[in-house]
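Let's take a walk through this structure together, one region after another. Please keep the sequence and the 3D view open as you read.

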Amino acid sequence: MTPDPIAVARATWAVRLQFFVAGVLFASFGVHVPTIKQHYALGEQALAIAMLAAGVGAVATLTQAGRWVGRLGARRAALLSGGATALCLALLLSSQAYAGLVAVMVVFGIGTSLFDVSINAAAGELEQRAGRSLMSGFHGMFSLGGMVGAGLGSVLLSHEVGGAAHLVAMAVLGAAAIGAAGAVMLRTIAGSDDKGGFELPRGLLALLGVLGALGLIAEGAMYDWSVLYMKQELASGASFAALAYASFSAAMAAARFAGDWVRERVSPAVLMSGSAALAAAAMAAVLLIGHPVVALVGFALVGLGFANVVPVLFSAAAKVDANPAHGIAVVASVGYLGMMAGPPLIGIIAEHASLTLGLATVSLFAGILAAAAPRALRPAAA
């Protein structure tokens, strides 16, 4: 049975809300990476290992994400995984034991990865139903949520509100919003996949997934390391340092809300090549100049450059695969691996060299994206 247009419109706004909540939860975690480091008395390598634990949970989940979304439907999968993500956020500062942090991070990786694939599968099918570009707008809501979450975190830090209280409050509000949105999502939307398990993507889908991973490494770096870079490398205060993620997310949100209009007028290959080149140059300038104000401006330009990379890749994946939801789930799964694996990689480089050198990988990967975009996106468009 085909849902009526009113139900589809309501479901579209529900999925937008899910993206917004995902952004708020990610930003709330990112703002408190320095708090976590201080709370558990960690060095960069120990912090990187904790983040790697989230990556392990994500990898384990991504091998079955398409199958689970297919069986549960995007709505139920989003409700379950979003609730788990919120719960983990509330527990991040609940103990003093490093082993407890690692365990929470594993489940956090499981929840966030499945939540990401679920809402992207729902968004992809809604875009297919509409017959027009919607993906950038969905991701714009994620960036808007990141901006709101980081901005709120900065304000609360400036008023010396405890990190544990902040995270618990965001978890409760996030879980309530996820439940409300899930109530009106289309029950027929699912990343339907009859395959029995995970299979490695091949051909063009594999290339799109690798490029998605490179793009999402940059987003993961901003979530997990931009605030610490401002505080540790540039000696910024906690409230000012929290603005690093906010500036990145604000620029991403603005560019993504305009992205669907741009994508109707500029070819995907040209858009992604130019955008990724801008991100590479901006990140290099941030690291070479090393000034807090320049860093805020540079992080905003990095956000502008990476804003439409993931929406463009996901839309291309929907056209490559006979089942749009499956194509998006495959590319989202590989791409999300980059988001989870990137921050630990940067942390290990920071431990053995410097955080500045670790963040230089963002500029390197952006350059690769700019060079590879024509090869990946022109065949997809054809």
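**A walk through the helices**

Ala235 sits in the loop between helix H8 (203-233) and helix H9 (238-241). Helices here are DSSP runs of H or I with at least four residues, strands are runs of E with at least two, and both are numbered from the N terminus. The model is a predicted one, in which local features need pLDDT of at least 70, side-chain atom pairs count only at pLDDT 80 or more, and totals for chains, interfaces and linings use all residues. Residues are numbered from 1 along each chain as its sequence is written, and side-chain values use heavy atoms, with hydrogens and water left out.

Ala235 has a positive phi of about 60° although it is not a glycine. Most residues other than glycine have a negative phi. With a relative accessible area of 67%, Ala235 is exposed; the term exposed stands for over 50% relative accessible area, buried for under 20%, and partly exposed for anything in between (1.4 Å probe, protein chains only). Ala41 also has a positive phi, of about 55°, without being a glycine. Ala41 is placed in the loop between helix H2 (33-39) and helix H3 (44-62), and it counts as exposed because its relative accessibility is 69%.

How confident is the predictor in the chain? Mean pLDDT is 85, and 92% of the residues reach 70 or more; pLDDT is the predictor's confidence in each residue, from 0 to 100. Among the elements, helix H7 (residues 163-182) has the highest mean, 94, while helix H14 (residues 324-352) has the lowest, 75.

Next, turn to helix H1 (residues 5-31). Its end C-alpha atoms are 39 Å apart, in agreement with the 39 Å that its 27 residues should span at 1.5 Å a residue; the expected span is 1.5 Å times one less than the number of residues. H1 is mostly covered, with 19 of its 27 residues buried. Further along, Lys37 is found in helix H2. Lys37 counts as buried because its relative accessibility is 16%. Leaving aside residues up to four places away in sequence, Lys37 touches Leu42, Gly43, Glu44, Leu47, Leu228 and Gln232, where contact means heavy atoms within 4.5 Å.

Now look at Leu91, which is found in helix H4 (residues 65-91). Leu91 is partly exposed, at 35% relative accessibility. Leu91 and Val104 are 13 residues apart in sequence, and their C-alpha atoms are 7.1 Å apart in space.

What does Arg256 touch, not counting residues up to four places away in sequence? Its partners are Ser136, Gly137, His139, Gly140, Phe142, Ser143, Glu219, Phe306, Ala307, Asn308, Val310 and Pro311. Arg256 is buried, with a relative accessible area of 1%.

How many salt bridges does the structure hold? There are two, a salt bridge being a side-chain nitrogen of Lys or Arg within 4 Å of a carboxyl oxygen of Asp or Glu. One joins the side chains of Glu127 and Arg263, at 3.9 Å from N to O. Glu127 lies in helix H5 (residues 98-130) and Arg263 in helix H10, so this pair ties together parts that are 136 residues apart in sequence. Asp260 forms a salt bridge with Arg263 too, with the closest N and O atoms 3.1 Å apart. Asp260 and Arg263 both lie in helix H10, three residues apart, about one turn of the helix. An α-helix has 3.6 residues a turn, so residues three or four places apart point the same way.

Finally, come out to the surface. Phe240, Leu243, Leu278, Val293, Val297, Leu301 and Leu304 form a nonpolar patch there, with about 510 Å² of accessible area together. Patches are made of residues with over 30% relative accessible area and no salt bridge, with like charges joined within 9 Å and nonpolar side chains (Val, Leu, Ile, Met, Phe, Trp, Tyr) within 5 Å. Helix H12 (residues 292-306) gives the most to this patch, with four residues. Val297 has its place in H12 and is partly exposed, with a relative accessible area of 48%. The buried residues of H12 include Ala295, Leu296, Phe299 and Val302.

Methods:
Accessible areas come from the Shrake-Rupley method with a 1.4 Å probe; for residues, only the protein chains shown count as cover.
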